[in-house]
Amino acid sequence: MSGDEEDYIPENEAADTDAAGEAHEEVAALKAELAELKDRALRAMAEGGLQDQLGGGFFRYSVDERWAIPHFEKMLYDNGPLLALFTDAWQVSGDDYFAQVAAAIGDWVLREMEQPQGGYYATQDADSDGGEGRFYLWDAQTLRGLLSDDEFQVTAAHYGLDRPANFEGLWHLQTATPLADVATALGIDATRALALLTTAQERMRKTRGGRPAPGRDDKVIAAWNGLMIQGMASARRRPGPPAPGRAPGGPAREAGGRPGSGGGDSSPDHHRGRYESANRGRTSSGGPCGRPCCPPCRGRQAGGLAAC
C-alpha cells in the first residue's frame, strides 16, 4: 500500500472529525461563559445588600431589582447551600473573595446559630427595635461620631454612604465602590485603605452589638440542619484553607457575645474546642495543627493570623 493510501481518510470521516472538534470548542466556550456568569452572579449577591457586610451570612431575598435591599431575615436553609456554593466557587476559580464570603457565613453560623447541645437554630428575624432591619441600618451622623475622619472617608466611599440613603432615610451597607478604587481616589495605598476599613468595621460591629437584637427561632429542624451540615462539611473537606475567617473587607466578627447580637467568641481556641468535641474519636485532616478544626480556624494562616 502506498504512503498516499495509508494517509487517506474518507471524506465523510474527515467531516465528522471536524464537526466533533468544532462541537468540543463550542461546549468549552459555553462552559467558560457559564462559569463567568456564575462568578458574576455570586459576586453581585455578596457585594450587594443580600449579604450582611459586617456580620456575615445572607438575608432571605431581595425586594428590589438591584439586590440592594433585602427582607432582613436570615434562614439556615439558605446559608447552608450558600456556604457550599461559595466554597466550590473559590476552589474552581481561585478567587479569594469567595473564600472570604464562605468564611463569613461559617463565622455567623457558629456565632449566632449553633445551639449549645449541638445542631443549629432555624432563623434570625427581620425585625428588631420596632422595625424591619433596624439592627443593620446606619445614619451618617452616627458614623461621623463613631469613626475618625480617615475611617469615615474610606467607609463612606466603599459602602456608598456618600450617596443618597437607600432604606427609609438610612443606609443598608453594600459594596458601592471596590476598595482598590477608593484607595486610588483618596490617594492612599491599598494596605492603608484596608487598615482603615478594618478598624471602622470593628467599631461598627461593637456599636451594632449593643443594639436590640433580632429575635431568633430556636427550633432545630432536621432537614435544615442537614443543609448546613452539608455546607460545613463541604468547606472542611476542601484542600487548604477554604476561607480566611474574614468578611469581605475585614474580620467577620462583632464584639460582645450577647446571643443574637452578632457578638461571640470567634477565637481559634473557641472554634477548635467546639469542633474537637463534636468530632472526638474521628479522623480528620484538620487545620495547620493537624486537629479537627472549623472553617474559620483553618484559614487563619491565609489571613495572616496565628495558626489554630
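1. The secondary structure of the chain comprises eleven helices and ten strands. Helices (H or I, at least four residues) and strands (E, at least two) are DSSP runs, numbered from the N terminus.

2. The model is predicted: local features need pLDDT of at least 70 and side-chain atom pairs count only at pLDDT 80 or more, while totals for chains, interfaces and linings use all residues. Residues are numbered from 1 along each chain as its sequence is written, and side-chain values use heavy atoms, with hydrogens and water left out.

3. Of the chain's 308 residues, 45% count as buried (buried means under 20% relative accessible area, exposed over 50%, partly exposed in between; 1.4 Å probe, protein chains only).

4. Among contacts in the chain with a separation of 6 or more, 67% are between residues 24 or more positions apart; contact means heavy atoms within 4.5 Å.

5. Ser 128 lies in strand E4 (residues 127–128). Ser 128 counts as buried because its relative accessible area is 6%. Neighbours within four places in sequence aside, Ser 128 contacts Arg 134, Phe 135, Pro 212, Ala 213 and Pro 214.

6. Leu 37 belongs to helix H2 (residues 11–47). With a relative accessible area of 42%, Leu 37 is partly exposed.
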